[in-house]
Amino acid sequence: METLPTIWFIAIAVLWTGYLFLEGFDLGVGMLMKLFARNDKERRVLLNTVGPVWDGNEVWLLTAGGATFAAFPNWYASLFSALYLPLLLVLLGLIFRAVAFEYRGKINTDRWRTTWDWAIALGSFVAAFGVGAALALSTTGLPLNANGDRVGGPFAWLTPPAILGGFAVVLFALVHALAFLMLKTDGEIRHRARRWLIRWLPLGLLPIAGWVLLVQFQHGKWWSWALTGLAVIAAVCAWVLARKAQEGKAFILLGGFLASGTAAIFSAVYPVVLPSTLDPAFNLTISNASSSDYTLGLMTVVACIGLPLVIAYQAWTYWVFRRRISAELIPQSHTVLPAVLQRALTRQS
């Protein structure tokens, strides 16, 4: 076994799991802005639940992409060039979403807020779907030739596994967001989130369960099937605990379902990092896609220093902003005048 490439394969799987866990409920809250919230005050409650953490959660996406680029440059090159169009849409979705978070409250009109609410919801959907499609294709395959180049047109990536993976992440994000709102809000929003979670959790987890089973039937090993079983147990326990209003445990167990499911997928395809649907001989593996041992060794030292700092900072952020939020704590909307206009009005008065 090649030790350093294997360690970095596991590290990248962990980074993607961290991104899907943290940014999952974050993107889900964005989509629920139009699906769940009933009025502007409720939408502002939803925004305040993720306001202090959403940009920090996106660090995991950058870290996962950067680690793939540095540790497995051939994997990065083949995947990102083959998925140029969908990943461009993901980038645009994240940009519109970030701008909307900042601009939504700048002008006190319904039309202005509605525009940015749609930007948050659609940007969150596009980002979640695109990331899910990319990860699904990393585990089910792309039409790659011997050089690692995509064969076919710009939509050759749009396959049933890609669509399944896209909706798997979208629906998991919605379910996890409901668990997060149940944990982070109070009052009517909290109780409605619990009702929605109990009703929709079994349906919302079906696509990601289908993705896991698809990979298992193609490449499964005994340990990946064992992890699949753990994922099923975690999902059932999360649903039972949600019915009992044990919100924190339900949220953690949904995370356990995600961690077990992603571990089952990545361990099943190991040592392949990007399968070719044209010929198994064209598969990219940890052997032919990785950087040199010197590069991986240096990256390991840097990661051992930097990653604990990132985790500590994010843990501190979540601890500081751990209090529940309710609609009663949200003040009325108002327009903030530019400083020059404020001074002019003060002089006139």
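Some conventions. Residues are numbered from 1 along each chain as its sequence is written, and side-chain values use heavy atoms, with hydrogens and water left out. Because the model is predicted, local features need pLDDT of at least 70 and side-chain atom pairs count only at pLDDT 80 or more, while totals for chains, interfaces and linings use all residues.

I start with helix α11, residues 222-243. Helices here are DSSP runs of H or I with at least four residues, strands are runs of E with at least two, and both are numbered from the N terminus. Helix α11 has 22 residues, and from its first C-alpha to its last it reaches 32 Å, close to the 32 Å expected at 1.5 Å a residue. That expected span is 1.5 Å times one less than the number of residues.

Which residues of α11 are buried? They are Ser224, Thr228, Ala231, Ala234, Ala235, Ala238, Leu241 and Ala242. Buried means under 20% relative accessible area, exposed means over 50%, and partly exposed is in between, with a 1.4 Å probe and protein chains only. Seen down the axis of α11, the buried residues fall within an arc of 155°, so they line one face of the helix. The arc is taken over the directions from the helix axis to the C-beta atoms. On the face turned away from the buried side, α11 carries the exposed residues Trp222 and Ile233.

What do the buried residues of α11 pack against? They pack against α8 (160-184), α9 (188-204), α10 (206-219) and α12. Contact in this talk means heavy atoms within 4.5 Å.

Thr228, in α11, is buried with a relative accessible area of 9%. Thr228 touches Val212, Leu213, Gln216 and Ala264.

Gln216 is in helix α10 and is buried, with a relative accessible area of 2%. Its contacts are Lys221, Ser224, Trp225, Thr228, Ala264, Ile265 and Ala268. The side chain of Gln216 also makes a polar contact with the side chain of Ser224, at 2.6 Å. A polar contact is a pair of N or O atoms within 3.5 Å; within protein, one must be able to donate a hydrogen and the other to accept it, and residues adjacent in sequence count only if both atoms are side-chain atoms.

Ser267 is in helix α12, residues 247-269, and counts as buried at 14% relative accessibility. Its side chain reaches the backbone oxygen of Ala264 at 3.3 Å. Ser267 touches Lys221, Trp223, Ser224 and Leu227.

Next, helix α8. Its 25 residues should span 36 Å at 1.5 Å a residue, and its end C-alpha atoms are 36 Å apart, which agrees. Of those 25 residues, 18 are buried, so α8 is largely enclosed by the rest of the structure.

How is α8 placed against α2? Two packed helices are described by the angle between their axes and the distance between the axes. The axes of α2 (residues 40-50) and α8 come within 11 Å and cross at roughly 90°. The two helices are therefore roughly perpendicular to each other. Axes are lines fitted to C-alpha atoms, for helices over the stretch in contact, with angles from 0 to 180 degrees between N-to-C directions. Angles under 35 degrees count as roughly parallel, over 145 as roughly antiparallel, 65 to 115 as roughly perpendicular, and the rest as oblique. Leu46, Thr49 and Val50 of α2 make the contact with Phe180, Leu181 and Lys184 of α8.

Two backbone points. Most residues other than glycine have a negative phi, and most peptide bonds are trans. Ala245, in the loop between α11 and α12, has a positive phi of about 65° although it is not a glycine. Ala245 counts as partly exposed, at 38% relative accessibility. The peptide bond from Tyr270 to Pro271 is cis, with omega near 10°. Pro271 lies in the loop between α12 and β1 (272-274).

Last, Leu296 in helix α13. Leu296 counts as buried at 0% relative accessibility. Leaving aside neighbours within four places in sequence, Leu296 is in contact with Leu4, Pro5, Trp8, Ala71 and Ser291. Leu296 and Ala245 are 51 residues apart along the chain, and their C-alpha atoms are separated by 45 Å.
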